[in-house]
Amino acid sequence: MKETTLLHMLLVTLACLSAIYTSNAEDPYRFYTWEVTYGKISPLGVSQQGILINGKFPGPTIDCVTNDNIIVNVINKLDEPFLITWNGIKQRKTSWQDGVLGTNCPIPPNTNWTYKFQTKDQIGSYFYFPSTKMHRASGGFGGFNVAHRSVIAVPYPIPAEEYTVLVGDWFNAGHKALAKTLDYGKSLPLPDGLLINGLSRNKAVFSGQKGKTYKLRVSNVGIATSINFRIQGHKMVLVEVEGAHTLQEVYESIDIHPGQSLALLVTLRNAVRDYYIVASTRFTKPFLTTTAILRYAGSSTPPQGALPIGPTYHIHWSMKQARTIRLNLTANAARPNPQGSFHYGTIKVARTIVLGNSEAKIGGKLRYAVNRVSYVDPGTPLKLADWYNIPGVFSLNSIKDKPTPGPASLGTSVIGTTLHDFVEIVFQNNESKVQTWHLDGTSFYVVAYGPRQWEPKMRRRYNLVDGISRHTVSVYPNCWTVIYVSLDNKGMWNLRSALWERRYLGQQLYVRVWNDERSLFTENDVPANAIKCGKAKNHH
């Protein structure tokens, strides 16, 4: 009997090991070699030096599937150190691959570095871009789409085709000129225009057949302005936001703030001809507008009539619409279990952090701060300093949990948290401009938007059931936004303004998610190919 039991246990163990091996074997590898160079581009008719990937502007789109292993060899042919970050890819256990200066030494000119990460348990619409200096203002960005596995159902009919739509503001001045303006302590002017997939008015064309439905994966890749997106004569069904399936609300137009991504279904029901796809800026003066073309198969008729009208200032309109973007509780995402099976509203909050953004003058120059600290990147990445216990790079809790009165100062802000903490973060915006915040390494639940000053009594207004899960959220002028976040991914994670002037001049910080156990179950070791710089240069 004992022999039978032992044999049974052995067979079960072998089956489990086989399943694990098979599971890993089923996760394919996708290899990319990207040469990053300068090249002449003129998206708004003005010749300028752009940043190209394999000669392309925008860069190539990554199309992959949940759990794919992504290997990207980046060859830096620029004259400055360079990094790419993967906006919204969670980097489970691999903050080493996040591609920001808090986790990575930049790739020196005329050298290469290979990113290795997995789209672990993710689906959705994302994009990548350069995180160093002001490089992204000259290009180097592209789409990053994660499709569901074939065994996982999606809560809508499979569309006839998908299109990646990268919308963003654009400056005719190059990244070096823009950085120089900011280094002098001056703010950037209004962008010179808007682009759709790197193209100016009416040059981007998206084709389809009458009667069929298409999915548009739309991202705001701009650095300065929120945009409103709409299609002449067509309604749009929102189905996904940054990896979360949404309630399928119908929109005539939708706001997309810098750094945000979403997926829309559009059914071609109208007469066979061309129609305008419109993007226009929000909350700017003057307003900028650009167009692309939706072309029905067989069309020989150009777009007709006026452009569909979109909102301009209308801040309350935007906040009201943001509240309509909610989680589809019965749909699944990357896994077969429903999105609503994680009851975030029932989890006890371990800590409340209130972050107040502000404009400041430090040393007579323009800076931006969070809780009175204007972030400065140290010469050694925070993650390497943490791993090798290198002193003098950063100190934990170098930023207060709540805004306090007084002048701002330069510093390296790191909030220390414990792995699996469940945290409430309040973004308090006392300025007159819309803010947009992004958190690397995880998604969070947006539980409330509100006017004026946040107070604890506002919690009774929270959406504790179907708040949308996403990685980038807007905060309206003289208003607040609250998120709940489960810090279940060990690492050093950038919490930043998605408005690149503000991020460049200090409106960012890092969240250290930590426990004392060094284990491959919670975090991968430092990669063998990690670039070492600063005080970490001689560590192995």
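This is a predicted model: local features need pLDDT of at least 70, side-chain atom pairs count only at pLDDT 80 or more; totals for chains, interfaces and linings use all residues.

Gly-185 comes after helix H2, and its phi is positive, near 90°.

Helix H2 itself spans residues 175-183, and its buried residues are His-175, Leu-178, Ala-179 and Leu-182. Why do they lie on the same side of H2? They cover an arc of only 100° around the axis, so they share one side of the helix. As for their packing, the buried residues of H2 are set against strand S1 (29-41), strand S2 (48-53) and helix H5 (500-504).

Five strands make up an open sheet with mixed pairing, and their order is S25-S33-S32-S27-S30. At its edges are strand S25 (414-418) and strand S30 (472-475), each of which pairs on one side only. On average, and with direction ignored, neighbouring strands of this sheet are turned by 20° against each other. Strand S25 pairs with strand S33 (residues 508-514) in the parallel sense, over five bridges. Within S33, Arg-512 is the bridge partner of Gly-416.

Finally, I would draw your attention to Glu-424, a residue of strand S26 (residues 421-429). Is Glu-424 buried or exposed? Its relative accessibility is 1%, and because buried means under 20%, Glu-424 counts as buried. The side chain of Glu-424 makes a polar contact of 2.5 Å with the side chain of Thr-352. Leaving aside residues up to four places away in sequence, Glu-424 also touches several others, among them Arg-351, Trp-454, Arg-459, Tyr-462 and Tyr-484.

Thank you; I welcome your comments.

Methods:
Residues are numbered from 1 along each chain as its sequence is written. Side-chain values use heavy atoms; hydrogens and water are left out. Buried means under 20% relative accessible area, exposed over 50%, partly exposed in between (1.4 Å probe, protein chains only). Helices (H or I, at least four residues) and strands (E, at least two) are DSSP runs, numbered from the N terminus. The arc is that of the directions from the helix axis to the C-beta atoms. Contact means heavy atoms within 4.5 Å. Two strands pair if DSSP finds at least two bridges between them. Axes are lines fitted to C-alpha atoms, for helices over the stretch in contact, and angles run from 0 to 180 degrees between N-to-C directions. A polar contact is a pair of N or O atoms within 3.5 Å; within protein, one must be able to donate a hydrogen and the other to accept it, and residues adjacent in sequence count only if both atoms are side-chain atoms.
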